[in-house]
Each structure stands twice: as structure tokens, then as C-alpha cells.
Amino acid sequence: LRSIGNTILVGTLTTIGTVTTTVLAAFAFSRLDFPGRDAIFGVLLATMMVPGEMMIITNFETISNLGWLSTYQALIIPFMASVFYTFFLRQNFMQIPNELYYAAKVDGKTDFGYLFKVMIPIARPSIISITILSMIGSWNAYIWPRTVSQDPSMKLITDGIMSMFSSDTGGETSHIIMAAATLVALPLLIAFVCFKKYIMRGVGRAGLKG
């Protein structure tokens, strides 16, 4: 139960942070005109070519130097931004006609006013997709939580299953692990079935398929 509670807390805060940074970054890269915008976005896209596993050691050293090992900060803050989700939402924002932005400026809307009153409502399916996918990613996370959380009270559900039913308990436990993994996967399956149309609609509006 503690692992499930940790997973829900970390997943919720990570998702809120990811959606917030994604919306703001996508708006900046799609509508605001500032020096080096395209170059910065190109550098961010280039980081997607680097496997995440290659950054685990340097990220771990950073977390360790900050004294965040076995804390919620280590589980939440490194994943409060996503280049892929920023690219995904930016493509959606860029499909919104510039005339709406100019009309909003004529009406006296600020950039934030235009973002919250026009762009977010239009891109709601994509934002819902990002929210669902981010929550699923947090729920399924294993390598990073296991690396930075040695305290049993800070373990997430995926690491908790492996720790609870390890070979140290004696006897064959693979069938118990599979039963527990099935129970853990059920909420994700139910969420996907319930929100599948939003995910597909968001992907379609962004012009991305696959």
C-alpha cells in the first residue's frame, strides 16, 4: 500500500509538472518570436537521439550531490519536462492559424491570455493525451526509482513488487510476481480503454502517426 501511495503521489506531481512545462514550452516555440528560437528547439530535438540509459549515471551523480537520494524530489523533478511531449504539442499549436493570435492581440489579450483562452481549449485532446501518457510512464517507471530510492518506504510499485517477491524469500515466486504484476497493470489497462479516444484524437490532431 505504501508503494502504491508513493506511485500515485509521484505520478500525479510528475504529470502536473510535465503538462505545465510542456504547454509553456510548446507555446514559446510555436508562437513567441525570440532570438535563437529555432536553434534552441533543434538542440532539444537532438537530445532525443541520446538513449535515456546513457544519462542515468550523470543524473544520479547530480541527485547524489544535491543530497536527494531516497527523496520525492529525486523521483519527481528530473521528469517534470519532456522534449517529446513539447515537440508533440508544438506541432498541434502550429496548426492553429496565426490570424487568431493577431485577432487576440487586437482585442487586448496578453500572450498568456491567448494561451489559456484560445490555444489550450483548441489543443485539449492533445493535452489530455500527454496527461494520460505521462501518468502511464510514471506508473511503469522502474530503473530510475530503483536507482535513487534505497529506502523501502520510498519505493514505487514496480520496484516494490520485485523487492517483495525476490528470490531471497525462498521457493519459487515467479507465479506470485506475475499475479502481482497483473493487478498493478489493471489500472493502466482500464485507463487506456476509457481514454483511448482522447489519445487517438490527440495524436491525429498533432499530425503524428505510428
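**Note on the predicted all-residue model**

1. The chain comprises 11 helices and 0 strands, where helices (H or I, at least four residues) and strands (E, at least two) are DSSP runs numbered from the N terminus. This is a predicted model, in which local features need pLDDT of at least 70 and side-chain atom pairs count only at pLDDT 80 or more, while totals for chains, interfaces and linings use all residues. Residues are numbered from 1 along each chain as its sequence is written, and side-chain values use heavy atoms, with hydrogens and water left out.

2. Along the sequence, the pattern reads α-α-α-α-α-α-α-α-α-α-α. Taken along the principal axes, the C-alpha atoms fill a box of roughly 70 × 40 × 30 Å. Of the 210 residues, 33% count as buried, that is, under 20% relative accessible area, against over 50% for exposed and partly exposed in between (1.4 Å probe, protein chains only). Among contacts (heavy atoms within 4.5 Å) between residues at least 6 apart in sequence, 75% join residues at least 24 apart.

3. Helix α2 (residues 37–47) packs against helix α5 (residues 83–94) at an angle of about 130 degrees, the axes being 9 Å apart. The axes are lines fitted to C-alpha atoms, for helices over the stretch in contact, and angles run from 0 to 180 degrees between N-to-C directions. The two helices are therefore oblique to each other, since angles under 35 degrees count as roughly parallel, over 145 as roughly antiparallel, 65 to 115 as roughly perpendicular and the rest as oblique.

4. From α2, Phe 41, Leu 44, Leu 45 and Thr 47 make this contact, and from α5, Val 83, Phe 87 and Arg 90. These residues divide into 5 nonpolar, 1 polar and 1 charged, with Ala, Val, Leu, Ile, Met, Phe, Trp, Tyr, Cys and Pro taken as nonpolar, Asp, Glu, Lys and Arg as charged, and the others, Gly among them, as polar.

5. Asp 159 belongs to helix α10 (residues 157–164). Its relative accessibility is 0%, so Asp 159 counts as buried. Neighbours within four places in sequence aside, Asp 159 contacts Tyr 142, Pro 145, Arg 146 and Ser 149.

6. Ser 70 lies in the loop between α3 (56–65) and α4 (72–76). Phi of Ser 70 is near 60 degrees, a positive value in a residue other than glycine. Most residues other than glycine have a negative phi. With a relative accessible area of 22%, Ser 70 is partly exposed.
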